[in-house]
Amino acid sequence: MSLFDHVLSLGDNALILGQQLSALTGHGPVLEEDIATANIALDLVGEARLWLSLAGEIEGAGRSEDDLAFLRDEIDFRNVLLVEQPNGDFADTMARQFLFDAWHEALLAALCASADPRIAGIAGKCRKEALYHLSHSAGWVIRLGDGTAFSHDRMQQAVRNLWPYTGELFEADAGGTALIGANAGDIRPLWRQRVADTLARAALEVPADRWMQGGGRRGIHSEHMGRLLAEMQHIPRSHPGARW
Amino acid sequence: MKEWPLWEVFIRSSHGLAHKHVGSLRAADAEMAIGNARDVYTRRNEGVSIWVVRAADIAASSPGDKEPLFDPARSKVYRHPTFFELIDGVKHM
Amino acid sequence: MYAQMVDTGVQRVLDAAELEGDERRFQDRIDAGIRVEPEDWMPESYRRTLVRQISQHAHSEVVGMLPEGNWITRAPSLLRKATLLAKVQDEGGHGLYLYAAAETLGVSRDDLIDALHAGKAKYSSIFNYPTLTWADIGAIGWLVDGAAIINQIPLCRCSYGPYGRAMVRVCKEESFHQRQGYDIMTRLAQGSEAQRRMAQDALNRWWWPAVMMFGPPDGESVHSAQSAAWRIKLHSNDDLRQRFIDQTVPQAELIGLTIPDADLRWNEERGHYDIGPIDWEEFYSVVRGDGPCNRERLAARKSAWDRGAWVRDAAAAHAAKHAGEQK
């Protein structure tokens with residue numbers, strides 16, 4: 001993976017998850033939660049803009065954040081499969097968010113030490129947001145896991161269903177350490193610890209590691225991705241060259 | 001199931017003023033109330049500190065007591081500096 | 001407006017001289033410009049009217065998230081996506097401030113929401129129209145939020161303290177909403193032929209519903225008169241509508257869009273624009289529930305609420321288990 005691809009993958013993770021959360025605006029379980037979800041979506045879209053702009057700068061071909069978001073094909077997207085999994089119900093949404101946040105914050109913390117000041121700068125800003133996201137999603141994992149029998153089962157099932165998508169977060173990448181200053185594998189212990197602690201407080205079991213899905217970072221996505229991109233990209237693609 | 005309790009939200013702005021009541025919201029627990037207060041009432045850099053209090057835990061003065069509570073202070077005009085007339089030529093007072 | 005044709009439950013507005021005791025003192029205080037606070041004595045009809053008006057306003061904000069939310073996932077640039085997301089989120093916040101203001105009158109938010117879902121409470125007619133293209137997001141910000149601001153600024157001075165304070169907050173936050181809408185329209189109007197057509201089409205579809213938002217002329221309405229006496233309605237529907245038209249027509253001209261009204265003329269004598277006849281039949285049908293999207297909007301709200309029930313229950317159950325623990 002080149003530096004361009006690495007930065008793209010940071011941007012794509014935030015973009016796709018932000019896009020998914022933004023679809024929930026106005027459909028949450030309670031008004032306060034609608035507002036919270038929109039805040040997290042806003043943070044993620046904001047983060048995506050920073051990484052995609054930087055990616056365009058690194059590439060040096062004159063592509064803007066919008067060119068990269070709206071005019072790339074699915075095979076060129078570098079996000080992990082976890083973020084493109086459907087919103088499902090509130091337990092699915094929060095399980096996906098928690099598994100992501102626990103990793104995202106750790107990754108951004110590591111990137112703060114990057115030798116590239118542009119990467120360290122973006123990571124520093126977004127890490128604060130990610131910390132808040134983590135406390136929000138962990139809070140909900142605990143409330144649902146330790147809530148009613150129904151919510152407990154829903155949350156356990158959601159964590160189990162999403163577990164096979166967590167392996168990809170830590171796929172070793174030989175070039176990664178040198179290029180962006182953080183090794184995906186190194187943050188695994190912290191992530192494991194966070195997940196174990198929160199699930200324990202939620203009276204939930206940590207699923208056993210089995211076969212892990214992968215491919216997103218290489219452009220091999222799930223069936224959900226095509227529809228998501230079709231919806232997100234259709235206006236700019238229908239009006240080539242238009243400004244909005 | 002019962003509705004989540006109502007919380008009153010107090011925010012201290014960055015200007016060094018005391019916590020000020022800004023509104024209310026509903027939340028199942030205190031942690032959620034603080035998170036919700038952050039998302040609802042500080043979207044535009046309004047604050048650096050949040051207090052939340054269950055609305056049911058607030059004791060308030062009653063409107064019927066308005067006169068005995070607040071009218072007596074009106075007659076104590078000497079508590080205000082403008083009550084005292086300064087003689088000509090006094091500075092820094 | 002966001003609260004249209006609010007029923008006060010009164011048959012006739014009484015003169016100050018006809019009022020006695022508490023009612024008289026209450027009206028005197030309002031006439032003197034003293035704010036009513038939740039713990040103060042108030043006539044039951046004043047309280048009930050305010051609950052109706054504020055909750056209608058709150059429901060409008062929350063239902064209003066849907067037509068615009070429809071386009072967040074399709075916004076054509078990342079900046080537009082972020083801005084629209086922030087705007088729709090603000091509407092949620094405004095709904096919340098207003099529900100909280102209504103709750104100071106001794107009702108609970110759940111009861112108000114139940115009334116909405118049961119079809120017993122109204123929300124603004126405007127949100128029963130569909131958002132068909134990206135330009136509709138521009139038209140809503142420009143026209144609907146523009147109209148809302150005209151209505152809400154006077155309400156900051158209304159007689160009920162919590163409502164006025166909620167409006168101050170709403171107005172402060174809403175100032176960017178209208179501008180982002182006009183900015184979208186301007187960009188489209190100056191864009192490609194397809195974009196220009198999109199902008200004009202949106203203006204064609206949203207103009208009259210926006211004009212109707214202010215509600216029918218107050219005429220002899222006893223409710224309007226009573227609300228005015230209570231200072232929870234500060235200007236007539238026609239006055240507010242005229243203000244909206246006078247401010248919006250030049251804005252449309254400036255970006256080369258045409259208001260879809262062949263009778264629109266500047267009236268030198270009045271110093272205002274005259275407009276063609278308003279189709280009140282359409283307005284009443286939408287209010288009755290026969291607008292293009294009434295069923296969808298209510299179904300979407302109800303479905304979100306019902307699907308969220310187990311989540312709200314779980315959080316309450318978790319809190320109950322840990323009540324008394326020190327965090």
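## Basis

Local features of this predicted model need pLDDT of at least 70 and side-chain atom pairs count only at pLDDT 80 or more, while totals for chains, interfaces and linings use all residues. Side-chain values use heavy atoms, without hydrogens and water; residues are numbered from 1 along each chain as its sequence is written, and chains are lettered from A and ligands numbered from 1 in the order in which they are written.

## Fold of chain B

Chain B contains three strands and two helices, in the sequence order β-β-α-β-α. Its radius of gyration, taken over C-alpha atoms, is 21 Å, well over the 12 Å that the globule rule gives for 93 residues, so chain B is more spread out than a compact globule. That rule is 2.2 Å times the number of residues to the power 0.38. Helices (H or I, at least four residues) and strands (E, at least two) are DSSP runs.

Along the principal axes, the C-alpha atoms of chain B fill a box of roughly 70 × 35 × 15 Å. Of the contacts in chain B (heavy atoms within 4.5 Å) with a separation of 6 or more, 43% join residues 24 or more positions apart.

## Burial and surface

In chain B, 30% of the 93 residues are buried, that is, under 20% relative accessible area (1.4 Å probe, protein chains only). Chain B exposes about 6,700 Å² (Shrake-Rupley method, 1.4 Å probe), and carbon and sulfur atoms supply 57% of that area.

## Confidence

The model has an ipTM of 0.96 and a pTM of 0.93. Chain C averages a pLDDT (the predictor's confidence in each residue, from 0 to 100) of 94, and 99% of its residues score at least 70.

Conventions: Buried means under 20% relative accessible area, exposed over 50%, partly exposed in between (1.4 Å probe, protein chains only).
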